[in-house]
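Visitor: I'd like to learn to read a model like this one feature at a time. Could you walk me through it?

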Amino acid sequence: MEQPATLLDVRDLHVEFRTRDGVAKAVNGVSYSVAAGETLAVLGESGSGKSVTAQAVMGILDSPPGFVTGGEVLFRGRNLLTMGEEHRRRVRGAKLAMIFQDALSSLNPVMTVGAQLGEMYEVHQGMTRKDARARAVQLMDRVRIPAAKERVRDYPHQFSGGMRQRIMIAMALALEPDLIIADEPTTALDVTVQAQVMDLLAELQREYNMGLVLITHDLGVVADVADKIAVMYAGRIVETAPVGELYKRPAHPYTRGLLDSIPRLDQKGQELYAIKGLPPNLLHIPTGCAFNPRCPKATDLCRSDRPPLYAVEPGRASACHFWKETLDES
Ligand SMILES: Nc1ncnc2c1ncn2[C@@H]1O[C@H](COP(=O)(O)OP(=O)(O)O)[C@@H](O)[C@H]1O
Ligand code: SF4
Ligand SMILES: [Mg+2]
């Protein structure tokens with residue numbers, strides 16, 4: 001089978017925040033790629049650098065204090081970080097879209113949702129207001145907002161959290177992007193609504209054959225929709241694998257810990273496992289393996305030498321000196 005073309009190829013990305021307290025190394029050599037029709041889940045505890053990586057890709061990094069200090073962001077083979085401003089804006093405006101966790105602060109509170117959706121078409125495609133409104137209604141239908149024809153005149157606060165998130169998805173879809181980055185798109189929602197919104201996103205991704213980067217701290221949410229997973233810790237990818245493989249046989253103790261801390265129906269009543277300790281302060285990342293203070297398997301080697309991303313199997317890698325033992329124990 002022919003491999004689908006890579007859309008987004010992030011290579012060895014570095015981002016730091018220069019703050020009064022010192023330099024926080026938020027992203028320390030992240031590489032990942034996404035092809036058309038593919039879903040990559042980026043997983044990790046809060047503060048691991050998931051959002052900052054996405055912000056650097058989208059060109060919306062809070063700068064200063066944030067600076068990209070190395071690496072490349074290739075979109076269809078061209079580096080977004082070095083291309084001309086005009087070209088870059090065009091690519092990011094039309095070909096890449098982003099969905100955020102909090103629709104209420106991303107949507108304009110004083111504009112009707114119809115006007116906001118329609119504006120996309122007026123500004124980017126030069127449509128008349130009337131045509132743009134008609135397209136807005138179509139889009140709202142497409143993301144299954146009931147009574148779209150009437151609701152197009154409502155304001156964001158008049159919608160429920162789940163419906164607002166559908167509007168965000170509609171906004172992202174409007175210009176038929178090649179790639180969507182969704183940053184914790186369902187985290188603020190109730191569990192049942194979460195599943196509905198996630199299913200909708202997955203369905204649209206397939207229909208439009210888009211690439212999707214799905215950022216989450218919740219392994220449970222992405223199991224059914226992702227093709228592959230990149231697990232982040234302290235600004236690095238520590239394990240990457242096809243989703244089924246990673247669930248069945250993790251090759252990194254941190255991934256193992258994340259899996260063990262998912263509530264399971266067959267273990268009702270049992271105390272839930274939690275990874276001990278806290279993620280590191282990014283101003284002072286531990287030497288050697290950044291996970292060593294929390295890792296049940298840590299040795300002196302882990303405290304002195306930083307593990308590279310070892311190739312485990314085709315399509316799999318783990319940044320653990322003891323990946324083989326970890327894999328065998330799984
Ligand atoms: N605006 C900012 N100013 C200073 N530091 C920041 C800023 N945004 C992010 N950081 C640093 O980057 C780290 C990673 O943040 P982020 O990518 O948002 O984590 P997450 O994985 O939860 O999305 C944070 O823990 C923080 O140290
Ligand atoms: S390298 Fe050592 S400390 Fe790091 S995850 Fe592997 S066993 Fe644990
Ligand atoms: Mg985040």
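Guide: Let's start at a ligand: the residues of the shell around ligand 1 divide into 6 nonpolar, 8 polar and 2 charged. Here Ala, Val, Leu, Ile, Met, Phe, Trp, Tyr, Cys and Pro count as nonpolar, Asp, Glu, Lys and Arg as charged, and the others, Gly among them, as polar. Keep in mind that this is a predicted model, where local features need pLDDT of at least 70, side-chain atom pairs count only at pLDDT 80 or more, and totals for chains, interfaces and linings use all residues. Residues are numbered from 1 along each chain as its sequence is written, while chains are lettered from A and ligands numbered from 1 in the order in which they are written.

Visitor: Which residues come nearest to ligand 1?

Guide: A residue is near a molecule or strand if its C-beta atom, placed from the backbone, lies within 6 Å of it. For ligand 1 there are 16 such residues, and Ala26, Gly47, Lys50, Ser51 and Val52 come nearest. Two or more shell residues come from each of strand E1 (6-19), strand E2 (22-35) and helix H1 (50-58). H1 gives the most, with 3 residues. The element names follow DSSP runs (helices are H or I with at least four residues, strands are E with at least two), numbered from the N terminus.

Visitor: And how many residues surround ligand 2?

Guide: There are 13, with Cys289, Cys295, Lys297, Cys302 and Cys320 closest. By class, the shell of ligand 2 holds 9 nonpolar, 3 polar and 1 charged residues.

Visitor: On to the sheets. In what order do the 8 strands lie?

Guide: Two strands pair if DSSP finds at least two bridges between them. Follow the pairs and you get an open, mixed sheet of 8 strands: E6-E7-E8-E3-E9-E10-E12-E11. Strand E6 (96-99) and strand E11 (310-313) are the edges, each pairing on one side only. Neighbouring strands here are turned by 25° against each other on average, direction ignored.

Visitor: How many bridges join E3 to E8?

Guide: Strand E3 (residues 39-43) and strand E8 (residues 211-216) run parallel and share 5 bridges. To find one by eye, look for Thr39, which stands opposite Leu212 in E8.

Visitor: Now helix packing. At what angle do H4 and H7 pack?

Guide: Two packed helices are described by the angle between their axes and the distance between the axes. Axes are lines fitted to C-alpha atoms, for helices over the stretch in contact, and angles run from 0 to 180 degrees between N-to-C directions. Helix H4 (residues 113-125) and helix H7 (residues 161-173) pack at about 15°, axes 9 Å apart. H4 and H7 are therefore roughly parallel; the cut-offs are under 35 degrees for roughly parallel, over 145 for roughly antiparallel, 65 to 115 for roughly perpendicular, and oblique for the rest. Val113, Gln116, Leu117 and Met120 of H4 make the contact with Ile167, Ala170 and Met171 of H7, where contact has C-beta atoms, placed from the backbone, within 7 Å. That contact has 6 nonpolar, 1 polar and no charged residues.

Visitor: Where does H5 come in, and at what angle does it cross H4?

Guide: The axes of H4 and helix H5 (residues 129-142) come within 8 Å and cross at roughly 120°, so H4 and H5 are oblique to each other. Gly114, Leu117, Gly118, Tyr121 and Glu122 in H4 meet Arg129, Ala132, Arg133, Arg135, Ala136 and Leu139 in H5. This contact divides into 5 nonpolar, 2 polar and 4 charged residues.

Terms used. Contact = placed C-beta atoms within 7 Å.
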